[in-house]
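Please open the model in the viewer and keep the selection panel at hand. The stops below proceed one selection at a time.

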Amino acid sequence: MESMMMSAFSLNHTFKLRPSSTPINYRPSLSCLRLKAQQSGTTDGTTTDVSSSDSKVDVTDFKVRNSQEEISATQGIKIRRRPPTGPPTHYVGPFQFRLQNEGNTPRNILEEIVWNKDVEVAQMKSKKPLHTLSKVIKEAPPTKDFIGALKASYSRTGMPALIAEVKKASPSRGVIREDFDPVEIAKAYEKGGAACLSVLTDAKYFQGSFENLEAIRKSGVTCPLLCKEFIVDAWQLYYARAKGADAVLLIAAVLQDLDIKYMTKICKLIGLTALVEVHDENEMDRILAIDGIELIGINNRNLETFEVDISNTKKLLEGERGDKIRQKNIIVVGESGLFTPDDVSYVQEAGVKAILVGESIVKQKDPTKGIAELFGKDISA
Ligand SMILES: O=P(O)(O)OC[C@@H](O)[C@@H](O)c1c[nH]c2ccccc12
């Protein structure tokens, strides 16, 4: 149990000597000081690196995080964007402690992914700062029209346009395809009639990569590309664009309304299409209240529990929500768990104009045939 609490995400407890000038302003009871406390400073244990400005930063950080959590709570967002740190520092006699917080273990896989992503992005950002990416983007070829490709496919086939996903593995399914050649799969999808492609770029949980995205972009495939990533920072939008994406995914379970507004604006500025993903009524209502959203994905998979239920697409398109979507001319994508022609007809009847499919087609030896089997007919011509 203890080792679980000390998972990769739990913050180290600090245990530092307090400079004598620092006032003692808070004295927690010793029972509050959980688990081990690590001594820091020099090896003789007599000097200290604690400064009062450090403490101020800690306090400010703590307040900001707290108010962010309050905003999330008012929007019904359960995912915590970062591990909670607990109250910043505490003093007992001459020692400074950081409290172990009960919440330092992610509550579900989505939270774990997002906490990891935050660290990963901070590292990537320092290697490729925004001004470097901006230069790359200025010289990059224009993006392809993602929504245009979906509409053209829908009117050509009379069936939901296919966003075919280049997906090697997932946390729920493990490795889906062993002999994984992303470019070969992308070409097979295009040949089979996919309107757009989705390329997973998360390495840790989906065994994807930005190299895959770049390689597909450079391979001569003409379908618009969705960068399937867990976006937690606007910097990732620029990075995705620099790596050849035409569209990005914004997950409503992770991002606050203001983030979604801000990020969709940046997307427009740099030529990206935003696919905003929802999973429940609350997320759908939040997104429908935001102006300028053109593309909504309904994920049939609950990213917290992995449960898949395709009736989720129908449920979220019923009644007033469906009316509002039609009034706003929003295109809806049915995502996840689609395996058969019956599944495709079911979500089409529910009102989707596009579908996002990975597993059922990527695991077929020939993904071109996989597409024909999914639709019950050849949709390539
Ligand atoms: O393999 P499936 O069940 O056909 O699902 C594809 C796609 O919908 C799924 O990969 C997905 C939907 N939303 C996501 C968000 C992150 C990662 C993955 C996803």
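Begin by selecting strands S5, S8, S9, S10, S11, S12, S13 and S14: in this predicted model, these 8 strands form a closed barrel in the order S5-S8-S9-S10-S11-S12-S13-S14, paired in parallel. From one strand to the next, the twist averages 25 degrees.

Which residues are the closest to the ligand? They are Glu 335, Ser 336, Leu 356, Gly 358 and Glu 359, within a surrounding set of 14 residues. Colouring the shell around the ligand by class shows 6 charged, 5 polar and 3 nonpolar residues.

Then move out to the whole protein chain and select its two domains: domain 1 covers 2-102, and domain 2 covers 115-375. Where they meet, 10 residues of domain 1 are in contact with 9 residues of domain 2. On the domain 1 side of this contact, 5 residues are nonpolar, 3 are polar and 2 are charged.

Finally, colour the protein chain by pLDDT. The mean is 85, and 80% of the residues reach 70 or more. Select residues 1-51, over which pLDDT stays under 50; the model has 77 contacts beyond four places in sequence for this stretch. For the complex, the predictor gives an ipTM of 0.99 and a pTM of 0.83.

Conventions: Residues are numbered from 1 along each chain as its sequence is written. This is a predicted model: local features need pLDDT of at least 70, side-chain atom pairs count only at pLDDT 80 or more; totals for chains, interfaces and linings use all residues. A residue is near a molecule or strand if its C-beta atom, placed from the backbone, lies within 6 Å of it. Ala, Val, Leu, Ile, Met, Phe, Trp, Tyr, Cys and Pro count as nonpolar, Asp, Glu, Lys and Arg as charged, and the others, Gly among them, as polar. Domain bounds come from an automatic or database domain assignment. Two residues are in contact if their C-beta atoms, placed from the backbone, lie within 7 Å. Two strands pair if DSSP finds at least two bridges between them. Helices (H or I, at least four residues) and strands (E, at least two) are DSSP runs, numbered from the N terminus. Axes are lines fitted to C-alpha atoms, for helices over the stretch in contact, and angles run from 0 to 180 degrees between N-to-C directions. pLDDT is the predictor's confidence in each residue, from 0 to 100.
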